[in-house]
Amino acid sequence: MNESQVLDAAHRHCQSLQDALGRFRRQSLDRLAAWGGELADVLPVGGRLLAAGNGGSAAQAQNLTAELVGRYRKDRPAYSAIALHAETSSVTAIGNGYGFDQVYARQVSAHGRPGDVLVLLSTSGRSANLITAAVTGRAAGLRVWALTGPGPNPLAEAADEALCVDAATTATVQEVHLVAVHLLCACFDAAGGAPAPGSAPAPAPARTGTRAVAARRRMP
């Protein structure tokens with residue numbers, strides 16, 4: 001492949017991403033804003049976000065939890081968010097003892113509580129361990145959101161709500177997922193997850209045995 005062909009391939013990739021982002025912007029921003037508002041109802045009162053994915057989607061999930069435990073742009077309280085794939089001892093123990101399909105579902109059973117949020121990322125929407133986690137999460141009273149590739153797909157159907165990225169390649173889907181993760185953090189902060197400009201961050205709330213977030217959970 002000569003230099004001109006390489007450059008043409010790069011232009012096609014960028015055009016594919018631009019087209020996918022345009023569709024995502026037209027079709028999905030309202031739902032992302034709603035998700036940000038729901039997180040602002042859950043996390044500041046002691047709720048938790050769990051996230052998981054496989055491969056590159058695992059990195060996207062960990063990016064999301066890092067932005068919530070740390071910060072996205074402005075300083076604010078730390079919120080509880082766990083990337084399940086990063087629990088390496090749990091993942092390997094569960095995979096060895098129960099099978100790879102259970103590596104996330106069993107952690108959802110352990111860490112999730114009614115009213116918490118479970119975010120699952122998959123470019124295909126067909127990962128069995130994520131589908132099992134979605135089913136487990138919904139049965140336990142968690143709110144389950146999926147970021148996937150083109151729909152319909154099994155993960156989108158198993159979740160409470162899904163954002164399906166219409167793109168032809170895995171790489172482009174992952175790139176749009178990263179934008180979605182950052183937009184979710186921005187919407188969360190705008191909806192009340194971050195203090196108003198010039199104000200001091202509030203202390204993180206204490207978690208209680210009978211968590212207030214369960215009472216405030218939005219019903220589907």
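The expected span of a helix is 1.5 Å times one less than its number of residues. Helices (H or I, at least four residues) and strands (E, at least two) are DSSP runs, numbered from the N terminus.

This is a predicted model, in which local features need pLDDT of at least 70, side-chain atom pairs count only at pLDDT 80 or more, and totals for chains, interfaces and linings use all residues. Residues are numbered from 1 along each chain as its sequence is written, and side-chain values use heavy atoms, with hydrogens and water left out.

**Helix H2**

H2 covers residues 56-69. Its 14 residues should span 20 Å at 1.5 Å a residue, and the end C-alpha atoms are 20 Å apart, so the two agree. Buried residues (under 20% relative accessible area, 1.4 Å probe, protein chains only) of H2 include Ala58, Ala61, Leu64 and Leu68. The buried residues of H2 are in contact (heavy atoms within 4.5 Å) with these elements:

| Element | Residues |
|---|---|
| strand S1 | residues 48-53 |
| strand S2 | residues 80-83 |
| strand S3 | residues 117-122 |
| helix H7 | residues 170-193 |

**Arg71**

Arg71 sits in the loop between H2 and S2. Its relative accessibility is 46%, so Arg71 counts as partly exposed, a class between 20% and 50%. Beyond residues up to four places away in sequence, Arg71 touches Ala66 and Arg76. Asp189 is 118 residues from Arg71 in sequence, yet their C-alpha atoms are 9.5 Å apart.

Key:
Axes are lines fitted to C-alpha atoms, for helices over the stretch in contact, and angles run from 0 to 180 degrees between N-to-C directions.
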